[in-house]
Amino acid sequence: MANWEMFRELDNLRREVDEAFRGVGLGRVLAPQFLTGAGTKRFPLVNISEDASDVFVEALVPGIDPKAVEISVLRNTLTLSGERKAPETEKTHVWHRNERGIGKFSRTIELPAEIDPNRITAQCRDGLLTVTLSKAETAKPKKIAVSVS
Amino acid sequence: MTDKSITNSGEQRTPATREETRSMERYLRPAVDIVETQEGLTIITDLPGVDRENLEVGIDKGILTIQGQVKSAAKGNDVYREFDLMNYYRQFQLPEVIDQEKTRAEFANGVLTLRLFKAEAAKPKRIEVQVA
């Protein structure tokens, strides 16, 4: 079991490194400066967990209309995108605090297993989005009965 | 502008904070937007994962307290984590010009919107100059 934990730590490290270098490639250097594209801050934050048959992805999406969140799956990646709109305020106003970010977002997450694209459900409650993805039959552990001869 | 604004900039006059050493629970400080208009203040707070029933907003002695309890219902074994859901807690010192009775609160999609109105005496008034 200790080995398994070590691989998980390595996998987390790899994810962190991928995330840190995203958008730093040469393409970005040559791109025009005024097109800032995606922000540097991660949004939404995600938690990934799994059990024998499903993968669960939780994302924090406060203030986003659940119907406006786009979820798409390609092979073993999940993409969440949408827009967080600015609060409606009158014209004459003064900002005292501005800690919540606004704007469009898109985030692609690598899933830990092959999934079945036809069996995905998503639920959004109080700004917490939960996506449940069923693992593909080939990725599920299979029990093999030993027959006694 | 800064000396006229009705909230304090910086943290010089922090309201009473919870005694952290005695409390076993950990709290998150939710992100807020505070906008002042001529009518009053709008405070928008992100509280993802909080139920309407577990959200407490109160004003006591001029201190606004926002408190939310989160019940985590994560399934399965963790693969990768970026956030931990914790209870939320944050306080603000309100200026005296706020009419506390008129406060309205809305909660939708994990975002709390509080509207606080200024007392009539504190609103800016325009005085027409009569031309004789």
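Start by selecting β1 and β2 of chain A: a hairpin of three residues joins β1(A) to β2(A). Strands here are DSSP runs of E with at least two residues, helices are runs of H or I with at least four, and both are numbered from the N terminus. The model is predicted, so local features need pLDDT of at least 70 and side-chain atom pairs pLDDT 80 or more, while totals for chains, interfaces and linings use all residues. Residues are numbered from 1 along each chain as its sequence is written, chains are lettered from A and ligands numbered from 1 in the order in which they are written, and side-chain values use heavy atoms, without hydrogens and water.

**Stop one: the strand β1(A)**

Keep β1(A), residues 46–50, in view. Two strands pair if DSSP finds at least two bridges between them. β1(A) and β2(A) pair in the antiparallel sense over five bridges, and A:V46 has A:A59 as its bridge partner in β2(A).

Which way do the residues of β1(A) point? A:V46, A:I48 and A:E50 point one way, A:N47 and A:S49 the other way. Five of the five residues of β1(A) are buried, where buried means under 20% relative accessible area, exposed over 50% and partly exposed in between (1.4 Å probe, protein chains only).

**Stop two: the whole sheet**

Select the neighbours as well, and you will have an open sheet of five strands in the order β7(A)-β8(A)-β2(A)-β1(A)-β6(B), with antiparallel pairing.

**Stop three: the cavity**

How many cavities of 30 Å³ or more does the structure hold? There is one. A cavity is a set of points on a 1 Å grid over the protein atoms alone where a 1.4 Å probe fits but cannot get out, and lining residues have an atom within 4 Å of a point. The largest cavity has about 40 Å³ of space, a volume being the space filled by probe spheres set on the points, which are joined across faces, edges and corners. To find the largest cavity, select lining residues including A:I48, A:F56, B:K75 and B:D78. β1 and β2 of chain A and β6 of chain B each supply at least two residues of its lining.

**Stop four: the rings**

Rings of Phe, Tyr and Trp (its six-membered ring) pair if their centres lie within 6.5 Å; planes under 30 degrees apart are stacked, over 60 edge-to-face and the rest tilted. By this rule there are two aromatic pairs over all chains. Select A:F43 and A:F105: their ring centres are 5.0 Å apart and their planes at 70°, so this pair is edge-to-face. A:F43 lies in the loop between α2 (26–30) and β1 of chain A, and A:F105 in strand β6 (residues 103–110) of chain A, 62 residues apart. A:F43 is partly exposed at 27% relative accessible area, whereas A:F105 is buried at 8%.

Next, select B:Y27 and B:Y89, whose ring centres are 5.4 Å apart with planes at 55°, so the pair is tilted.

Definitions and conventions. On a 1 Å grid over the protein atoms alone, a cavity is a set of points where a 1.4 Å probe fits but cannot get out, and a pocket is an open set with protein on both sides within 12 Å along at least five of seven lines; lining residues have an atom within 4 Å of a point.
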